[in-house]
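Take the points in order, with the structure open beside you.

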Amino acid sequence: MVNSYYYSGNMYIPRTEEDRQKGFLIGSAVYGAILGSMLKYAGKPFANQLQKEQVNNHLYRDTFIKSLNVSGLDKKGVQIIPMEFSKIMDDYARGTNACYVPSQKIVKINTQKISIAGFHELGHAMNDLMGKGGKILSKMRWPGRTIAGIMSYIALFSRSKPKDAPKDFTDKVKDNCGKIAFLSMLPTVFEEGLASYKGIKLARKSGLSEPLIKNMKKLYSKALLTYATHAVGMGLAVGASSMIMDYFSRPKKVKIDESDLFG
């Protein structure tokens with residue numbers, strides 16, 4: 001057979017470049033479909049409730065503004081930036097998202113629409129500036145997400161060895177890239193959960209009523225679900241694309257008739 005070779009008593013045929021390209025295209029499409037669909041449906045409950053809570057914003061706003069002082073974060077240099085006054089109409093100005101920026105120690109949020117989300121963002125600030133556990137998780141977020149992103153590329157690398165060949169470190173990473181991607185996303189999930197927990201405690205300490213805190217818990221649970229789904233989706237998407245690339249790029253084992261070789 002042309003271009004065939006033996007390994008461990010078996011004959012293999014290297015895959016063609018056309019096979020590898022087909023695997024890359026199919027794997028990429030499956031990766032996008034899995035991750036995109038999971039994030040789309042997991043994010044809807046949170047987005048819907050966040051929008052509904054806007055009519056109650058006045059019930060949260062004053063307590064949220066006060067909670068900056070109650071938390072002691074003001075003494076750490078943290079500031080709340082009311083994005084409703086921003087000239088740039090982005091998600092923060094529109095009131096569809098909020099964030100804490102560690103490098104600037106600021107919370108970007110539309111306080112006229114989604115103050116309910118502000119307690120969570122102050123929870124991020126508390127993780128970043130107060131307490132060892134939260135700080136460690138906060139510092140691990142971006143390295144973890146970067147590793148998960150790298151795994152998505154590694155999943156689409158060609159496999160040049162047969163499955164039963166001895167494996168080096170690179171091979172083991174390729175074989176387990178889906179699991180590594182999932183585990184790399186967990187610090188983000190845990191840090192988000194801890195931020196919500198601290199945000200709810202801060203809201204209660206600042207005097208927010210229990211019915212409103214109950215609404216916060218529902219919203220924050222749905223928000224955490226999106227991050228957990230992202231972690232699971234990343235692991236599944238990377239794992240699936242890796243298996244597809246494995247199928248299309250590993251050398252193919254073929255059955256041989258010994259009489260054709262020695263007869």
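1. Helices here are DSSP runs of H or I with at least four residues, and strands are runs of E with at least two, numbered from the N terminus. Arg20 and Glu17 form a salt bridge, with their closest N and O atoms 3.1 Å apart. The term salt bridge stands for a side-chain nitrogen of Lys or Arg within 4 Å of a carboxyl oxygen of Asp or Glu. Arg20 counts as partly exposed at 22% relative accessibility, and Glu17 is also partly exposed, at 43%. (Buried is under 20% relative accessible area, exposed is over 50%, and partly exposed lies in between, using a 1.4 Å probe and protein chains only.)

2. Before going further, please keep in mind that this is a predicted model: local features need pLDDT of at least 70, side-chain atom pairs count only at pLDDT 80 or more, and totals for chains, interfaces and linings use all residues. Residues are numbered from 1 along each chain as its sequence is written, and side-chain values use heavy atoms, leaving out hydrogens and water.

3. How many salt bridges does a search of the whole structure find? The count is 11. Some of these residues join up: Lys167, Asp175, Asp246 and Arg250 are linked in a network of salt bridges. Within it, Asp175 pairs with Lys167 at 3.1 Å between the closest N and O atoms. Asp175 is partly exposed at 35%, as is Lys167 at 38%.

4. Asp175 also meets Arg250 in a salt bridge, again given as 3.1 Å from N to O. Arg250 lies in the loop between α8 and β6 (252-254) and Asp175 in helix α6 (residues 169-175), so this pair ties together parts 75 residues apart in sequence. Arg250 counts as buried, with 8% relative accessibility.

5. Now look inside. The largest nonpolar core has 27 residues, and Leu73, Phe119, Leu208 and Met216 touch the most other members. (Such a core is a set of buried Ala, Val, Leu, Ile, Met, Phe, Trp, Tyr and Cys residues joined through side-chain atoms within 4.5 Å.) Two or more of its residues come from each of α2 (57-71), β5 (106-109), α4 (118-129), α7 (177-205) and α8 (210-249). Apart from this core lies another, of 15 residues, including Met151, Ile154, Val173 and Met234.

6. (A pocket is an open set of points on a 1 Å grid over the protein atoms alone, where a 1.4 Å probe fits, with protein on both sides within 12 Å along at least five of seven lines; lining residues have an atom within 4 Å of a point. Points are joined across faces, edges and corners, and the volume is the space filled by probe spheres set on them.)

7. The second largest pocket has a volume of about 230 Å³. Its lining includes Asp246 and Arg250, both also members of the salt-bridge network. α8 and β6 each supply at least two of the lining residues.
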